[in-house]
Amino acid sequence: MEGGAPVDYGGGMTATASDKTSTVAGSWINGAVAQTTGPTHQLVNPATGGVVAELALATPADVDTAVGAARAALRGWATAAPVERSAVLAKLAELMEANAEVFIAEEVSQTGKPVRLATEFDLPGSIDNVAFFAGAARRLEGKASAEYSADHTSSIRREAVGVVATITPWNYPLQMAVWKVIPALAAGCTVVIKPAEITPLTTLTLARLAKEAGLPDGALNVITGAGADVGAALAGHPDVDVVTFTGSTAVGRRVMAAAAVHGHRTQLELGGKAPFVVFSDADLDAAVQGAVAGSLINTGQDCTAATRAIVARELYDDFVAGVAEVMGKVVIGDPHDPDTDLGPLISAAHRDKVAGMVSRAPDQGGRVVTGGRAPEGPGAFYAPTLIADVAETSEVYREEIFGPVLTVRAFTDDDDALRQANDTQYGLAASAWTRDVYRAQRASREINAGCVWINDHIPIISEMPHGGVGASGFGKDMSDYSFEEYLTIKHVMSDITGVVEKDWHRTIFTKR
Ligand code: NAD
């Protein structure tokens, strides 16, 4: 994978997904590379500090152009037969498979995520999602047509809501783009997406391949730029119909406020602080294994990552010792090496933020059992970290860390466990570890989150929805449920009597 395959973005410019400086076109508008006029931005590989590519950023004026292109393409795409949209998405899934090496090389270089994760999780998950929506595009079902009044036939039309503006984060650039863009396209919407300015490469490749798959020009546009100007211009654009967002809670609320100025619908996938509840009857080895995998995935930069282990008092010491032992075996290193388990954090600045939070934990009662340091050498690496005995009020327990850090607290009884699990503003995901079917049922009912895993933590599947409650946002990605974000429901009510003076008219006026 080292070096990466050359990527042709059109316009005669190429980038390699290695550390070599090269220039890529920054935006993709109306089916072509756009000549934007914003400043140039360097994409940095966080594992090495080397420059991956140089990116021409867009400006708010380019946002107007992209939205205009999406608006112009809307009618044609929205009125295409479902089978036509399905065929484009099915072809896109095939092209993604054929370009797997390109996606993987770009994703690893721009995020520093381990190549094993990109190869076995990010890419196959993304392709499967596209393939799922190729099928789902053909079955936008609704209520049956019927005579709900004796004089009328009622039917439901589910229509594309229009132009979708979407803004995505840097942690899973390809998956987050796919989760937002693909159901929208399947529903007949057209899209303008702004990826995080530090990780745009795979989103640009997705758009290029979508054109190759037969997507009409303008149906998918990618604008690259910073959140404060380009992101804000897109979120607050008067001529989009829906704004969807994945990112932090603070920014999500700003995005919602910008969209609210125009009364536009929003869908927000925001932060998380997932509880990982280990009941006294749990399989301890499975819980230890699950806690390490669930907290370290993507170097902990996962909105559903296990961050708050809440463990039965009788298992507590063994759980802490077990997690510390397994964390100690995790291989940190070059993301391109298939033997690497843990890559760097997204940037040195983010590594410093994580390190700062961990360094303040002991003052708030936490005991750093393992980790708590950045390894020597270049790159934004940080060791897997376990902090036991954290106070309920401590920063590491309450705030999203977004790093390879697991906190642990003990609980006394099941009521206390569930109280602690829900003691957070977030509600994205949670897990309960137990061999007792009644405990499992109670936990799945009472934990306040968009997803509750039983005896596992992390797996996702295209057929099932993803999305949170509370400060984790609202609305769904993935599955048929995501169509609710991209379709309007229109009731068509047809008179079937043909009479001039309808019965109900007499309520309004009578001919005397
Ligand atoms: P972020 O909120 O800083 O940025 C997300 C996106 O918003 C980026 O594209 C950014 O450029 C843009 N942005 C920033 N300011 C903006 C503004 N004023 N107006 C419009 N757009 C703006 O998030 P991040 O640091 O990129 O990602 C990490 C966060 O994402 C974490 O909080 C994580 O939990 C969350 N996340 C949530 C999910 C989910 O499904 N719930 C999935 C992945 C990540």
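## Reading the ligand site

Author: Let's start with the shell: helix H7 (227–235), strand S13 (242–246) and helix H8 (249–260) each give at least two residues to the shell around the ligand. Helices (H or I, at least four residues) and strands (E, at least two) are DSSP runs, numbered from the N terminus. This is a predicted model, where local features need pLDDT of at least 70 and side-chain atom pairs count only at pLDDT 80 or more, while totals for chains, interfaces and linings use all residues. Residues are numbered from 1 along each chain as its sequence is written, and side-chain values use heavy atoms, leaving out hydrogens and water.

Reader: Which element supplies the largest share of the shell around the ligand?

Author: That's H7, with three residues.

Reader: Which residues come nearest to the ligand?

Author: A residue is near a molecule if one of its heavy atoms lies within 4 Å of it. Of the 28 residues around the ligand, Thr168, Ser248, Leu270, Glu400 and His466 come nearest.

Reader: Is histidine 466 buried or exposed?

Author: Buried means under 20% relative accessible area, exposed over 50%, partly exposed in between (1.4 Å probe, protein chains only). Histidine 466 has 11% relative accessibility, so this residue counts as buried. Its place is in the loop between strand S22 (451–454) and strand S23 (469–470).
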